[in-house]
Amino acid sequence: MRIGGRQIRFSILFKILTVSFVVLAAFACWYCYWALPKFQADKVQDAEARTQNAVELAWGALNYVYQMEQSGLLPRDQAQAYALVAVGGLQWDTGDGDGTFWINDSNPVLLVDAKNPGLVNTNVADVTDEDGNFIYRDFVAIGQNQGEGGYTYRWATGDGVVTNMSYVKSFEPW
């Protein structure tokens, strides 16, 4: 190769290092622009599926207690109290920690929540997330309009603001 009239020869080591650098740069670009976003999207999708499956199990427990009421084994008030205790005590592995369940009615009054016991039996219509969204109102809207669905919101914790994914499912009989 000639530069400025001078003949320049590149050593074989320089050529190997240049090709290696180009391959490494191409891999880094592929990873940053295609693979990493895909892995992150797959992680979110997996978390949503785990959350939905856990809610289906809790919903099954509610349905079981409801069936006990329907068969006459329990009066409605006892069945509902039993359901609150059963679901309120459930936990599941989110992959990032322990997940818990809550139950609210359509007013929305929080009936059970292991993580927020101070809010139990209070109207939580005005509780907002970090972005100003009325999360419990949105939960009720999902239950009334769609019956069930996922909801993502940002919540302040002692460690900062985290993004939470919840799955809402309405229990129509009660």
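**Close-ups of aromatic rings**

**View 1. F139 and Y153 are both buried.** Buried here means under 20% relative accessible area, with exposed over 50% and partly exposed in between (1.4 Å probe, protein chains only). F139 belongs to helix α3 and Y153 to strand β7 (residues 148–157), so the pair ties together parts 14 residues apart in sequence. Helices (H or I, at least four residues) and strands (E, at least two) are DSSP runs, numbered from the N terminus.

This is a predicted model, so to speak: local features need pLDDT of at least 70 and side-chain atom pairs count only at pLDDT 80 or more, while totals for chains, interfaces and linings use all residues. Residues are numbered from 1 along each chain as its sequence is written, and side-chain values use heavy atoms, leaving out hydrogens and water.

**View 2. The structure holds 14 aromatic pairs.** One of them, W102 with F139, is tilted, at 4.8 Å centre to centre and 35° between the planes. W102 sits in strand β5 (residues 102–104) and F139 in helix α3 (residues 135–145), 37 residues apart. Rings of Phe, Tyr and Trp (its six-membered ring) pair if their centres lie within 6.5 Å; planes under 30 degrees apart are stacked, over 60 edge-to-face, and the rest tilted.

**View 3. Ring pairs join W102, Y136, F139, Y151, Y153 and W155 into a cluster.**

**View 4. R137 has its charged end over the ring of F134, 3.9 Å from the centre.** "Over" means NZ of Lys or CZ of Arg is within 6 Å of the ring centre and within 35 degrees of the ring normal. K169 likewise lies over the face of W59, 4.4 Å from the ring centre.
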